[in-house]
Amino acid sequence: MTIEQAINRAQVLETGHFIFADGDHATLKLEMDHLWEHPAELATVLAALARADGLPPADVILGAPTGGQRLAEAVAELTGLPLARLERVPGGAKQDFRFVSAADRQLALAARSPRIYEDVVTTLSSVAGVVKLLEPRRQAVRSLAVWRRGQVKPAYRAGLADHYLVEQPILSLPPDECQVCHPRA
Ligand SMILES: [Zn+2]
């Protein structure tokens, strides 16, 4: 089973009318949470995330809350790699994270090659939010996401090498160009 097959079988791709966090509208959406209801497909994706083909070995892993961290927790269980836990900053912006404890922070900063997991990447903003907590000038920081669906903003790549299992764009449009909101007469 390829990753694309696993994603299709787990019905991760949803059709409808969706408004993304950045304000864009779309008729197709990736709902990675569905993967957790399909054990065989989930196992395929987790195995690929754990193997991380083409990436150097990681000594500590992290995950962008909340979807990425859920995957990172499963990868930690699968591989035995230590996991530095993160959480959203209460009342903060969507990409404001912090370590759950001082021990998590110590673990992450002691790593030479931390690896950040994420489920779906649009601009890479969430992963960049995790990089902010690290010290990329002395750490080799890499990220591995299941799917890149958008155009990464170059600024979010600072201090980071980003990797993906699947890179396939999913069209999204500004609200005034959305054909659901503005059907052609
Ligand atoms: Zn719309």
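This is a predicted model: local features need pLDDT of at least 70, side-chain atom pairs count only at pLDDT 80 or more; totals for chains, interfaces and linings use all residues.
1. Leaving aside residues up to four places away in sequence, alanine 72 touches Ile61, Leu62, Gly63, Leu83 and Tyr117.

2. Several of these names return in the largest nonpolar core, which has 41 residues. Those with the most contacts inside this core are Ile61, Leu62, Ala72, Val75, Tyr117, Val127 and Val130. Two or more residues are given to the core by each of α1 (3-9), α2 (39-51), β3 (60-63), α3 (67-79), β6 (114-121), α5 (125-131) and β7 (142-148). Helix α3 provides the largest share, five residues.

3. The sheet deserves attention next. Four strands form an open sheet in the order β3-β6-β7-β8, and their pairing is parallel. Its edges are β3 and β8 (161-167), each of which pairs on one side only. On average, and with direction ignored, neighbouring strands of the sheet are turned by 20° against each other.

4. Within this sheet, β3 and β6 run parallel and are joined by four bridges. Valine 60 has proline 114, in β6, as its bridge partner. Helix α3 packs on the sheet, where it touches β3 and β6. The direction of α3 makes about 150° with that of β3.

5. A separate point concerns antiparallel pairing. Strands of a sheet pair through backbone hydrogen bonds, either parallel or antiparallel. Strand β1 (residues 13-19) and strand β2 (residues 25-30) pair in the antiparallel sense, over five bridges. Glutamate 14 stands opposite lysine 29, which belongs to β2. The hairpin of β1 and β2 has five residues between the strands, and glycine 23 takes a positive phi near 95° in this hairpin.

6. Is alanine 102 buried or exposed? This residue lies in helix α4 (residues 102-109). Alanine 102 has 8 other C-beta atoms within 10 Å, and a residue counts as exposed if that number is 12 or fewer; alanine 102 is therefore exposed.

7. Alanine 72 is among the residues with the most contacts inside the core, and the residues it touches include Ile61 and Tyr117. Alanine 102, in α4, is exposed.

Definitions and conventions. Residues are numbered from 1 along each chain as its sequence is written. A residue is buried if 20 or more other C-beta atoms lie within 10 Å of its own, exposed if 12 or fewer, and partly exposed in between; C-beta atoms are placed from the backbone. A nonpolar core is a set of buried Ala, Val, Leu, Ile, Met, Phe, Trp, Tyr and Cys residues joined through C-beta atoms within 7 Å. Two residues are in contact if their C-beta atoms, placed from the backbone, lie within 7 Å. Two strands pair if DSSP finds at least two bridges between them. Axes are lines fitted to C-alpha atoms, for helices over the stretch in contact, and angles run from 0 to 180 degrees between N-to-C directions.
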